[in-house]
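Subject: Structure handover and findings

Hi,

Here is the structure for you to look through. Please open it alongside this note.

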Amino acid sequence: MSVSVFRNYIAGEWVEGSSSVANVSPSDLSDVIGHYAQADAAQTKDAIAAAVNGQLEWQKSGLEQRYAVLMAIGDELIARKDELGRILAREEGKTLAEGAGEVYRSGQFFHYYAAEVLRQMGETADSVRPGVEIETRREPVGVVGIITPWNFPTATGAWKIAPALAFGNAVVWKPANQVPASAWALTEIISRQNLPAGTFNLVMGPGAEVGDVLINSRDINALTFTGSLETGRKVAGATAVNLVKCQLEMGSKNALVVLDDADLDNAVECAVGGAYGGTGQKCTASSRLIVTEGIHDRFVAAVIERMKKLVVGNPLKAGVHIGAVADARQMESNLKYLELAKNEGGKLVYGGEVITEDTEGYYMQPALFTETTNDMTINREEAFAPIACVIKVKDYAEALATLNDTNFGLTGGICTESLKYATDFKRNAKTGCVMVNLPTAGTDYHVPFGGRKDSSFGPREQGTYAKEFYTVVKTTYIRA
């Protein structure tokens, strides 16, 4: 019996791969979402060559053509948010509400950058030399290689693809191999737009083959990657050899500080939502909860009571708050970190159990540890799991020092009613994003996103700052 395979998209055509893989839902191992083509090295090179040619045509396109293309993509994503959100939930394990919300947000990215198309303006200046005028303008960087992770398969692709196309570039996109259905669905929408052949290409396949070709290609002009620190370092090294512009979003070990004067109910919501939303599989999740001693016991007790109300289960069912872990490998990693935290002296005060559901899948109760210190491995490494650890500190000064004592620096949050401490925190938290009385997870699409230290490298993503990566500046001197 033959199996229908969802194909790659190269040079304006749907292309069979050298092989295919089954896309199995982590929340129901009997649910095969589809079989998806796997590109090999040769096909990836074909996609890059097609992008080189497509970009030459796309950069000549009028602004209104680009605007119309991006608006149409955004319109369709928003109109189909429930349908595509369900596909996303099936293959990634997040809840239906989270899936629909991600698709809706993805549509907003395309709408935002459609507007940015019409806001592209240069500058003029007088020269220091008489009779000479100067113009500066931004031009497309060229062919953009895009490598995206599995935790936000539609949104991460959208916030990279939309600015790339808006500023006149061509794209070769390699999504994470665990979540090909969402990437294929977005590609199918893009394939029906008024784009020159080769302007957009989808190459699904393993990172060791497809990704390796992308990061080592001399015909890629810019490479944007979101994933692990280990892989990010490999990407940086490979692109540096060919002097390819590089943008990396990597690991994190975010912390939420809770001071004695915090609104307890709000602090609990910030902690639980930030730590366990999306099954804890967010780069912005607050896995460290740094709590001053005056509120510590009340905070821990309240968090436990709040966690008891969280419903873990099949993400396609109504009333579920936390869906499945992404896959067997991630579940194994989660359980390893649970045992490691116990062995290091952490006290498991709630959760951590593997859960059996009506459908066979990867389910676990979110876990909370107390009596942890910042030097424990569980507080140094990114687990990407529904696990949070409480670190008790004496005062604000110790809390800030603890928050900054990490090699990561993506987001950091504080819950306090003190303007003094909030202001100091905003200035002195060594993170790219700061949240005051809000969860560490949750950012807007029209402002820059990124971190410091080992969390990020290269220009910021999102908002108007995206043009720093997706364009190059040209300075023209004119003597009339």
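Below is what was found in it, region by region.

This is a predicted model, in which local features need pLDDT of at least 70, side-chain atom pairs count only at pLDDT 80 or more, and totals for chains, interfaces and linings use all residues. Residues are numbered from 1 along each chain as its sequence is written, and side-chain values use heavy atoms, with hydrogens and water left out.

Helices (H or I, at least four residues) and strands (E, at least two) are DSSP runs, numbered from the N terminus. Two strands pair if DSSP finds at least two bridges between them. β4 and β5 (residues 28–38) run antiparallel and are joined by seven bridges. A22 stands opposite H35 in β5.

Axes here are lines fitted to C-alpha atoms, for helices over the stretch in contact, and angles run from 0 to 180 degrees between N-to-C directions. Contact means heavy atoms within 4.5 Å.

**Nonpolar cores**

In soluble globular proteins, nonpolar side chains tend to be buried together. A nonpolar core is a set of buried Ala, Val, Leu, Ile, Met, Phe, Trp, Tyr and Cys residues joined through side-chain atoms within 4.5 Å. Buried means under 20% relative accessible area, exposed means over 50%, and partly exposed is in between (1.4 Å probe, protein chains only).

The largest core has 46 residues. F110, I161 and W173 have the most contacts inside it. Helix α5 (residues 155–166) gives the most to this core, with eight residues. What does F110 contact, leaving aside its neighbours within four places in sequence? The partners are L70, I73, G74, L77, A158, I161, A162 and L186. Another core, of 29 residues, lies apart from the largest one. V291, Y350, I355 and L368 are among its members.

Pockets and cavities are found on a 1 Å grid over the protein atoms alone. A cavity is a set of points where a 1.4 Å probe fits but cannot get out. A pocket is an open set with protein on both sides within 12 Å along at least five of seven lines. Lining residues have an atom within 4 Å of a point. Grid points are joined across faces, edges and corners, and a volume is the space filled by probe spheres set on the points.

The second largest pocket has a volume of about 430 Å³. Its lining has 18 residues, and Q120, M121, G122, R137 and R138 lie nearest the centre. α2 (63–79), β7 (132–140) and β23 (471–479) each supply at least two lining residues. β7 gives the largest share, four residues.

β7 also sits in an open sheet of three strands, in the order β6-β7-β23, with antiparallel pairing. β6 (123–126) and β23 are at the edges with a single partner strand each, so one side of each has no neighbour in the sheet. The twist averages 25° from one strand to the next. Nine bridges join β7 and β23. R138 stands opposite V473 in β23.

**Strand β20**

Five of the five residues in β20 (residues 411–415) are buried. T411, G413 and C415 point one way, and G412 and I414 the other way. β20 pairs in the parallel sense with β13 (residues 254–258) over four bridges. L256 stands opposite G413. β20 also pairs in the parallel sense with β21 (residues 433–436), over four bridges. There, G413 stands opposite M435.

**Cavities**

How many cavities of 30 Å³ or more does the structure hold? There are four. Of its 13 lining residues, G280, A285, S287, E382 and F384 are closest to the centre.

**Positive phi**

Most residues other than glycine have a negative phi. E371 has a positive one, near 60°. E371 is in the loop between β18 (367–370) and β19 (387–393), and is exposed at 54% relative accessible area. K453 also has a positive phi, near 55°. K453 is in the loop between β21 and β22 (456–457), and is partly exposed at 37%.

Best wishes
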